[in-house]
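Student: I would like to go through this structure with you, beginning with the ligand and then turning to the backbone. Could you take my questions one at a time?

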Amino acid sequence: MSALWSDHVAGLVPYVPGEQARIPNLLKLNTNENPYGPSPKALAAMQAAISDDLRLYPDYQALGLRRAVARRFRLEPDQVFLGNGSDEILAHVFNAFFRRGERALWLPDVTYSFYRTYCRFYNVPHRLIPLADDFTLRIGDYTGDTDQEPAGIIFANPNAPTGCALDLGSIAAIAQTRPDCVVVIDEAYVDFGAESAASLLERYPNLVVVHTLSKSRSLAGLRVGYALASTELIDGLLRVKDSFNSYPLDQVALAGAQAAIEDEAWFEQTCQAVMQSREKLSADLQTLGFSVLPSSTNFVFARHRSQDAVVIARRLRDHGILVRHFQAPRIDDYLRITVGTPEQCQRLCDTLKSVLAD
Ligand code: PMP
């Protein structure tokens, strides 16, 4: 606290990212990074981009990358918005679309916790809508009659940290019944087995789909994300962005991200490997006494039948393995475990076996 701060700063509740520990022989399964690494073509493109050209500002319209993303989704480049990680895009989304006076943003009670941080930051009232007991989203809660239309709707699909995916028909129904607000689908994990709502964009001008290169493209350290939407909504995001930072992506990131998006073979191969590893990990965890939610992501959400999640996480950490635990209502007996390579998952399960037996 400082008397020199602006008034609202003391009231902020910053997001707490997963631990970045420096411990020997670390196995980091707590922040959903991809164990397979970025496309070699992306690495080569970035190396080539480190040149005398760095004295110049990057293309503030980032047309090369926007065109590459647009091609992949059969959209126009002016339907693509870029940001320094999808977190930055989400921040601009809240600023551009959800600040609508008294109206509340609707979001699930269990979802990506950064959304609530942005609510505070931008002073957006919100209404938490409970997920069903099995952590699925009840579509009727979003499409039913209401006294006051929402300021907007946001959720992750597949959801985080549960890993559960919602079908496209349900997303279409929500976008259709709430045409007076923006519906944002955060698809950070969609490439690991769910279906993207990008195909709905031509029918729903109020829909925004947000993607990141941090997970399926294994570029968390590069900080690149993009949003797909109607030109009307992208124009709103650009107005906000250009009132904040004209150049959120540097030239090296633009080059690497474009090459990564264009390397479909690497993307396919590494996503398949993660999904295969996930299925084995889920089965092995069940053998060890965990119940595991069905996952369409690069993590699993699991609860042990008898042992405390905090204790398990602490003891794994003693063995150099980090997993994520959320001290939050309804989910505090679960662990969110990132899917690693088969060898990494084996080490996790071997360690769990001894931790649980002690
Ligand atoms: N959305 C969800 C659901 C996430 O889990 C994350 C990663 N923490 C993000 C968005 C942000 O990803 P990034 O900023 O790395 O693109």
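Tutor: What follows covers the ligand site and some backbone features of this predicted model.

Student: Let us start with the ligand. Which residues are around the ligand?

Tutor: The residues around the ligand are Gly85, Ser86, Asp87, Tyr112, Ala160, Asp186, Ala188, Tyr189, Thr212, Ser214, Lys215 and Arg223.

Student: And by class, how many nonpolar, polar and charged residues has that shell?

Tutor: The shell holds 4 nonpolar, 4 polar and 4 charged residues.

Student: What is the distance from the oxygen atom of the ligand to the polar side-chain atom of threonine 212?

Tutor: That distance is 2.6 Å. Tyrosine 189 also has a side-chain N or O atom 2.7 Å from an oxygen atom of the ligand. In the case of tyrosine 112, a side-chain N or O atom lies 3.2 Å from a nitrogen atom of the ligand.

Student: How much of the ligand does the protein bury?

Tutor: The protein buries 92% of the 400 Å² that the ligand exposes when taken alone.

Student: Now the backbone. Where is the cis peptide bond that involves alanine 160?

Tutor: That cis bond joins alanine 160 to proline 161, with omega about 5 degrees. Proline 161 belongs to the loop between β5 and α6, and alanine 160 is one of the residues around the ligand.

Student: What joins asparagine 157 and proline 158?

Tutor: A cis peptide bond joins them, and its omega is about -5 degrees. Proline 158 is likewise placed in the loop between β5 (152-156) and α6 (168-177).

Student: Changing topic to phi: what is the value for asparagine 25?

Tutor: Asparagine 25 has a positive phi of about 55 degrees, although it is not a glycine. This residue is in the segment before β1 (27-28).

Student: Is asparagine 25 buried or exposed?

Tutor: Asparagine 25 counts as exposed, because its relative accessibility is 61% and the cut-off for exposed is over 50%.

Student: Where is serine 218 found, and what is its phi?

Tutor: Serine 218 is in the loop between β7 (207-212) and β8 (225-229). Its phi is positive, near 55 degrees, in a residue other than glycine.

Student: Buried or exposed, then, for serine 218?

Tutor: Serine 218 has 11% relative accessibility, so it counts as buried; the limit for buried is under 20%.

Key. Residues are numbered from 1 along each chain as its sequence is written. This is a predicted model: local features need pLDDT of at least 70, side-chain atom pairs count only at pLDDT 80 or more; totals for chains, interfaces and linings use all residues. Side-chain values use heavy atoms; hydrogens and water are left out. Helices (H or I, at least four residues) and strands (E, at least two) are DSSP runs, numbered from the N terminus. Buried means under 20% relative accessible area, exposed over 50%, partly exposed in between (1.4 Å probe, protein chains only). A residue is near a molecule or strand if one of its heavy atoms lies within 4 Å of it. A polar contact is a pair of N or O atoms within 3.5 Å; within protein, one must be able to donate a hydrogen and the other to accept it, and residues adjacent in sequence count only if both atoms are side-chain atoms. Accessible areas come from the Shrake-Rupley method with a 1.4 Å probe; for residues, only the protein chains shown count as cover. Ala, Val, Leu, Ile, Met, Phe, Trp, Tyr, Cys and Pro count as nonpolar, Asp, Glu, Lys and Arg as charged, and the others, Gly among them, as polar.
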